[in-house]
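Hello,

Here is the structure I promised to pass on to you. Please open it beside this email, and then read on for what turned up in it.

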Amino acid sequence: MELNMLEAKFLSLPKDVGFRTSSYPTSLFGIHSYPKSNSSKVICSRVSNSATSNKVATSTLLFQSKINGINEAISRTLDYFDDEYGGVIVNSDKLPSNPNVFASLFQSSLSQWITKGKKGVWLKLPSKYSELVPIAIKEGFQYHHAESGYVMLTYWIPEGPCMLPANASHQVGVGGFVINDKNEVLVVQEKYCAPPFVGFWKIPTGFIHESEEIYTGAVREVQEETGIDTEFVEVIAFRHAQNMAFEKSDLFFICMLKPLSSEIKVDDHEIIAAKWMPVVEFVKQPWIQEDSMLKKVTDIFIARMGKKYCGLFAHHLISKFDDRSSTLYYNVVNTRGSNCIGA
């Protein structure tokens with residue numbers, strides 16, 4: 001890989017010039033799995049030297065005194081942005097491609113950030129910078145989360161507890177109760193399921209996508225699995241469970257949907273079969289009668305059909321806190337235009 005001018009200057013220095021990893025005490029972070037923690041923040045432990053800032057400052061002066069004619073290099077730091085909480089976000093579009101240059105620039109940057117009283121450092125490394133990951137870890141960064149195209153790492157500068165927000169702690173699923181004018185509920189049999197549930201007819205379910213609303217996710221999942229177009233009515237209940245996939249918590253929203261079509265087109269990648277089943281027949285299934293959770297959800301659904309229960313409607317509101325439109329779910333009991341009767 002071709003080096004830029006700054007990288008070449010760093011690599012051409014004598015080996016005894018500049019920062020060494022051992023000159024700065026490594027910060028050791030421990031991120032606990034979130035379901036086992038009662039805190040919404042990253043829990044960090046830190047092994048450090050009380051003279052951290054002095055050591056870094058001394059190393060910076062030594063580094064500067066041994067370089068002749070390349071003041072441009074010594075004044076350079078990692079390109080970064082200030083965040084709203086006293087931290088910094090390293091610009092991932094302007095990272096040095098060479099690991100040694102990255103290590104030197106990070107330590108030079110750290111000296112300045114300590115002087116400026118900065119706190120957390122966010123380092124997003126796209127896949128093309130994968131060679132920098134072990135260097136960043138060696139310098140004291142901690143894994144935060146990863147996606148298909150990058151890994152996010154963090155570094156907490158001050159002494160004391162790390163105050164950086166933790167990685168996402170929940171996954172969100174949706175299920176759709178779709179009832180037609182014949183009192184039939186739309187049900188499916190999944191292609192892949194545990195042996196005890198083979199042959200079980202259930203409502204369509206799935207996970208919502210990133211940046212997707214709960215109600216749009218429910219409509220999409222039903223359409224993908226059965227080909228039935230629907231309209232969201234309301235959330236009739238939701239479940240909160242702990243230590244699910246990847247030790248994350250799980251939120252599952254059960255939605256009532258109105259069918260806009262009737263012809264079923266099964267998605268054979270996920271579903272073996274789909275059909276309209278009479279509600280009475282659906283309720284009598286042993287899996288529902290013998291499971292307290294499924295039985296309660298079905299009871300709520302039946303009550304909603306009889307207008308003896310009111311769920312949560314989706315309302316779009318703008319808050320001055322962030323000036324963004326968001327969805328607030330709440331019921332509208334005994335209000336004109338409401339199609340349910342609540343206590």
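**Two asparagines in loops**

Asn 243 lies in the loop that runs between strand S9 (230-241) and strand S10 (249-259); helices (H or I, at least four residues) and strands (E, at least two) are DSSP runs, numbered from the N terminus. Before going further, please keep in mind that this is a predicted model, in which local features need pLDDT of at least 70, side-chain atom pairs count only at pLDDT 80 or more, and totals for chains, interfaces and linings use all residues. Residues are numbered from 1 along each chain as its sequence is written, and side-chain values use heavy atoms, with hydrogens and water left out.

Back to Asn 243: it has a positive phi of about 50° although it is not a glycine. Most residues other than glycine have a negative phi. With a relative accessible area of 45%, Asn 243 is partly exposed (buried means under 20% relative accessible area, exposed over 50%, partly exposed in between, with a 1.4 Å probe and protein chains only). Asn 183 also has a positive phi, near 60°, and sits in the loop between strand S6 (170-178) and strand S7 (184-190). Its relative accessibility is 47%, so Asn 183 counts as partly exposed.

**The chain as a whole**

The chain holds nine helices and 13 strands. Of its 343 residues, 45% are buried. Among contacts (heavy atoms within 4.5 Å) with a separation of 6 or more, 65% are between residues 24 or more positions apart.

**Ile 254 in S10**

Strand S10 contains Ile 254, which is buried at 4% relative accessibility. Leaving out residues up to four places away in sequence, Ile 254 touches several others, including Phe 177, Ile 203, Val 235 and Val 297.

**Aromatic rings**

How many aromatic pairs does a search of the whole structure find? There are eleven, where rings of Phe, Tyr and Trp (its six-membered ring) pair if their centres lie within 6.5 Å, and planes under 30 degrees apart count as stacked, over 60 as edge-to-face and the rest as tilted. One of the pairs is Phe 106 with Tyr 155: the ring centres are 5.4 Å apart and the planes are at 70°, so this pair is edge-to-face. The two are 49 residues apart, with Phe 106 in helix H4 (residues 99-115) and Tyr 155 in strand S5 (residues 150-156), so the pair links distant parts of the chain. Both Phe 106 and Tyr 155 are buried, and together with Tyr 80, Trp 113 and Phe 141 they form one aromatic cluster.

**Helix H6**

Helix H6 (residues 214-226) has 13 residues, and at 1.5 Å a residue it should span 18 Å; its end C-alpha atoms are 18 Å apart, which agrees. The expected span is 1.5 Å times one less than the number of residues. Among its buried residues are Ile 214, Tyr 215, Arg 220 and Glu 221. Just after H6 comes Gly 227, with a positive phi of about 80°.

Enjoy exploring!
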